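Open the model in your viewer and switch to a cartoon view. The tour goes from one selection to the next.

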Amino acid sequence: MDLSRVDLNLLVYLDVLLRERNVTKAANHLGITQPAMSNGLRRLRDLFGDPLLVRTSEGMTATERGRELQPAVRGILSDIEQAVQEKNPFSAQESHRVFRIMASDYAESCLMPRVLRRIRQEAPHVTLDVLTPSDVSFLDVEQGRLDMAINRFDKIPQSFHQKILWTEYFACLMSARNPMVNQPFTLDTYLDASHIWVSKTGFGVGVGVNPKDVQRLGWVDEALARMGRKRQISVFTRHYQVAMLLAEQHDLIATLPSRAAWLQRGNTDLVVKVPPFEIPPFELKMAWSPLLQHNTDHQWLRKLILEVAEEVDAEFVPFGAQFESSDLPATGHSER
């Protein structure tokens, strides 16, 4: 059959005719004249090479071919109706959807508590499943098995949609009892201290760190390497919360994103200082599959996350301005 000959209107006619078994009733149902419906039936018979409906003592009766076509035609029209009808907007109050979000430890600490609070307020029946970078892969995002990935990315597939949530600088945290607190915080005193390293987490299962492999240690150590300097790392951890706890309890320095330090602004056991050298900032992004771009549930989630990020950014500005100073000697910009 030449599909170019198939008029979808004829399938609508056939669907109603097979249901009503009466040309006049079918015409009235569709709001067309009886001659127009009769002409439609004639074209259908020509298209399928079968009478489809024949007169009997009980009225119009479907032929075997007609009976075979009835469920198929109804299914085709249902699929078309679903495809072209306007998508119902997401109902936050009624939704029981599960949103799966990959968030780094840093993003989970700085952003997700507020995201969850908003979700609980606006969509009380929605469930939030927060995964770590090592739980998922880019393929999970691409295929829509993961609703959102929130992290600082080295590289990201070009097909992904992405949005910058904020630009982040670095801060130094140390115990209020650390002898360095009362000394000038210079590059030399920074390097004389012992340090806590926190992983720049990406996708996939993590591996052990080689302290001599500066290229894999991230922004802080790359910035020092460009000046020909190196810090003494005593502890390697993958969690910012652990780094802050260790900095509070020991004579160690944790150099970490300034919003993470901001979370400790009320902690009198910790002191926050501006790093004594320039560390290139990074961007926290959210990324999602093109398969979800037009999904109304997902559009609601994206809007909510962006609004929360803007709220965090606005509150952070007074504290964060001190870390954006460009008065320090330039050390170049990392491509990581």
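Predicted model: local features only at pLDDT ≥ 70, side-chain atom pairs only at ≥ 80, totals over all residues.

**Stop 1: two helices**

Two packed helices are described by the angle between their axes and the distance between the axes. Select residues 8-20, which form helix α1, and residues 34-48, which form helix α3. Their axes come within 10 Å and cross at roughly 105°. Angles of 65 to 115 degrees count as roughly perpendicular, and α1 and α3 are therefore roughly perpendicular to each other.

Now show side chains where the helices touch. On α1, pick Leu10, Leu11, Tyr13, Leu14 and Leu17. On α3, pick Ala36, Met37, Gly40, Leu41, Arg43, Leu44 and Phe48. Sorted by class, this contact has 10 nonpolar, 1 polar and 1 charged residues.

**Stop 2: the sheet**

Next, find the open sheet of 5 strands. Reading across, the order is β4-β3-β5-β12-β6, and the pairing is mixed. Which strands stand at the edges? Select 127-131 for β4 and 161-168 for β6: each has a single partner strand, so one side of each is left without a neighbour in the sheet. From one strand to the next, the twist averages 20°.

Look for valine 98, which stands opposite threonine 127 in β4.

**Stop 3: a helix across the strands**

Finally, select residues 112-122, helix α6. Helix α6 lies across β3, β4 and β5 (148-151). Relative to β4, helix α6 runs at about 165°.

Technical notes:
Residues numbered from 1 in each chain as written. Heavy atoms only, no water. Axes fitted to C-alpha atoms, helices over the stretch in contact; angles between N-to-C directions. Helix = DSSP H or I, 4+ residues; strand = E, 2+ residues; numbered from the N terminus. Parallel < 35°, antiparallel > 145°, perpendicular 65-115°, else oblique. Contact = heavy atoms within 4.5 Å. Nonpolar A, V, L, I, M, F, W, Y, C, P; charged D, E, K, R; others polar. Pairing = 2+ DSSP bridges.
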